[in-house]
Amino acid sequence: MNGGHDLGGMHGLGVIDAEPEEIEPVFHAEWERRMLALSLASAAHGRWNIDVSRHARERQHPADYLRNSYYENWLVGLETLLVESGLISANELATGKAEASAAPTLRATGPADMAAGLRKGHPVDVPPTEPPAFEIGPVVQVRNFNPTGHTRAPRYTRGRQGTIAGLHGCHIFPDTHSVEVEEAHHLYSVRFSAEELWGSGASGSAVFVDLWEPYLEGL
Amino acid sequence: MRTWKYGFGTQTSEVRYLVLPEKPDGAENMPEDALTNLVTRNSMIGVEKASAPGTGGAL
């Protein structure tokens with residue numbers, strides 16, 4: 001969806017005021033540490049995947065998304081996921097009080113489960129069932145589409161032409177995965193000239209964007 | 001004078017990229033642990049060069 005998260009090409013946000021690397025803390029407040037733990041422990045119940053959770057954050061009003069800090073957006077997303085998955089009710093979220101005991105099949109996740117799960121990771125590359133539609137070299141165009149669901153095709157690339165610069169193999173397709181349909185498609189690194197994306201005043205540089213095959217059409 | 005071609009990479013997929021920083025002048029004979037100190041987070045995402053020997057570098 002064309003939400004507040006898709007910032008490419010937006011003006012007015014000011015310079016990136018990065019904290020110096022040697023003093024940047026992992027967490028800026030204790031609640032951020034808890035937020036990360038809550039997200040991981042809740043995700044361990046397997047009620048949603050990474051693309052469902054990204055879409056839950058992106059569905060906020062763009063003004064809220066941009067005003068929130070990083071972990072505030074995680075909190076909003078997690079609240080949406082907990083209620084929509086039925087793990088908690090909207091009233092429980094509002095009051096902070098449980099209305100019923102948890103389902104007996106729900107198992108609490110602890111630090112030991114977390115460490116094992118994080119080590120295992122979540123690979124998203126899948127053996128291909130069909131050969132890639134494109135090889136390195138040809139010019140392709142990103143489809144002009146404006147889906148209301150999750151997508152990883154940045155707005156600034158849609159309708160633009162680039163060249164296939166690399167093949168990454170088959171990866172789970174986030175657009176359908178965000179609505180719980182697991183498909184895999186070939187993933188490409190596509191090179192766009194800065195002029196193609198930003199106009200004739202742009203420098204001679206290039207932007208490389210990873211794009212899945214359904215986003216692309218040959219010319 | 002060297003000319004450079006450069007590009008910006010996004011991480012729209014789960015594929016992650018690291019930049020291999022160029023070895024700075026004067027670092028030719030440094031051992032691995034000393035070289036490690038010259039590599040910074042920012043040099044591995046391509047927004048600055050690795051620290052020069054003797055300038056402190058990473059923590």
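**View 1. Domain 1 and domain 2 of chain A, with 29 Å between their C-alpha centres.** The bounds, from an automatic or database domain assignment, are 21-120 for domain 1 and 125-218 for domain 2 of chain A. Please keep in mind that this is a predicted model, in which local features need pLDDT of at least 70, side-chain atom pairs count only at pLDDT 80 or more, and totals for chains, interfaces and linings use all residues. Residues are numbered from 1 along each chain as its sequence is written, while chains are lettered from A and ligands numbered from 1 in the order in which they are written.

**View 2. The contact between domain 1 and domain 2 of chain A.** Each domain gives 6 residues to this contact, where two residues count if their C-beta atoms, placed from the backbone, lie within 7 Å. On the domain 1 side there are 1 nonpolar, 2 polar and 3 charged residues (nonpolar: Ala, Val, Leu, Ile, Met, Phe, Trp, Tyr, Cys and Pro; charged: Asp, Glu, Lys and Arg; polar: the others, Gly among them).

**View 3. Chain A meets chain B.** Here chain A contributes 16 residues and chain B 13. Strand 3 (161-172), strand 4 (184-193) and strand 5 (206-212) of chain A each provide at least two residues of the chain A side; strands are DSSP runs of E, at least two residues, numbered from the N terminus. Strand 5 of chain A has the largest share, with 6 residues. The chain A side holds 8 nonpolar, 3 polar and 5 charged residues.

**View 4. Strand 5 of chain A beside strand 1 of chain B.** These strands run parallel, joined by 3 bridges; pairing requires at least two DSSP bridges. Look for A:V207, which sits opposite B:F8 in strand 1 of chain B.

Note on methods. Helix = DSSP H or I, 4+ residues; strand = E, 2+ residues; numbered from the N terminus.
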